[in-house]
Amino acid sequence: MENFELKIGYSFKNRGYLENALTHSSYANEHHTADNERLEFLGDSVLSLIVSENLFLRFSEDNEGDLSKIRASLVCEKGLFELAKKIGLQDYIKLGNGEKQNGGRNRPSVVSDAFEALLAAIFLDSDFETAKKWLLSLMKDELSAAGEKPSEDYKTIIQEITQKNGKGRVTYQLVGESGPDHNKKFVAAVMVDGKKIAEGSGQSKKDAEQTAAKNAIELL
């Protein structure tokens, strides 16, 4: 634990928070102890608030949809996995034997969840400003690059959001079509596990799907 604290640049007053943050459910089940899922739940919200505030202040001209798109690209599973690897988090997660053998230490979902739990642990052990300072320092390069290069399309972003939150398959359905051939208007719905989340319109089916995905991102 002391080695890891040196790596992350934060010393815990209550090291129990850190122990909890690093405990995967597979280890907890084998050793009858608490896992990091509750901390992950809290860390997800702390992460979202810190990143949202940063983007809100930096991109004063961007609308809600654009800010949501940038934020989603930063806090997606892949992005958190890369952040976690900066501090070698994967080497310190306590895993059950089966999860170890199945490569859990290099599984993005496992490591990104532990990263959110770690952020929550720092927040609980100190305060919001300390957690914010720690995260923004670690994300400095990623935040600087945000908005400077094209983000992934909305359909990709919503796929990442649903995967991160344990949702199922994302599909699109054409629900409306109107206008003459030279000026068609299409309406598409985005579905998650068969449930309609949002609709969007455009002059092509692809545009309608992208708009539907954008609207769904704002809702989710």
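Me: What does the side chain of T162 reach, and what makes this a polar contact?
Reply: The side chain of T162 comes to 2.9 Å from the backbone oxygen of Q159. A polar contact is a pair of N or O atoms within 3.5 Å, where within protein one must be able to donate a hydrogen and the other to accept it, and residues adjacent in sequence count only if both atoms are side-chain atoms. The 2.9 Å of T162 and Q159 therefore falls within the 3.5 Å limit. The model is predicted: local features need pLDDT of at least 70, side-chain atom pairs count only at pLDDT 80 or more, and totals for chains, interfaces and linings use all residues. Residues are numbered from 1 along each chain as its sequence is written, and side-chain values use heavy atoms, with hydrogens and water left out.

Me: Why is T162 called buried, and why is Q210 called partly exposed?
Reply: Buried means under 20% relative accessible area, exposed over 50%, and partly exposed in between (1.4 Å probe, protein chains only). T162, which is placed in helix 11, has a relative accessible area of 2% and is therefore buried. Q210, in helix 12, has 21% and therefore counts as partly exposed. Of the 220 residues of the protein chain, 41% count as buried.

Me: Which residues is Q210 in contact with, leaving aside its neighbours within four places in sequence?
Reply: They are D153, Y154 and K155, where contact means heavy atoms within 4.5 Å. Q210 and E199 are 11 residues apart in sequence, with 9.7 Å between their C-alpha atoms.

Me: How many helices and strands does the protein chain have, and what makes a run count as one?
Reply: There are 12 helices and 3 strands. Helices (H or I, at least four residues) and strands (E, at least two) are DSSP runs, numbered from the N terminus.

Me: What is the expected span of helix 5, and what does helix 5 reach?
Reply: The expected span is 1.5 Å times one less than the number of residues. Helix 5 has 12 residues and reaches 16 Å from its first C-alpha to its last, close to the 16 Å expected. Its buried residues, including L67, I70 and L74, pack against helix 4, helix 6, helix 10 (140-145), helix 11 and helix 12.

Me: What makes a set of residues a nonpolar core, and how many residues has the largest?
Reply: A nonpolar core is a set of buried Ala, Val, Leu, Ile, Met, Phe, Trp, Tyr and Cys residues joined through side-chain atoms within 4.5 Å. The largest has 43 residues, and L74, F115 and L135 are among those with the most contacts inside it. Helix 8 supplies the largest share of this core, 10 residues. A second, separate core has 13 residues, including I161 and V192.
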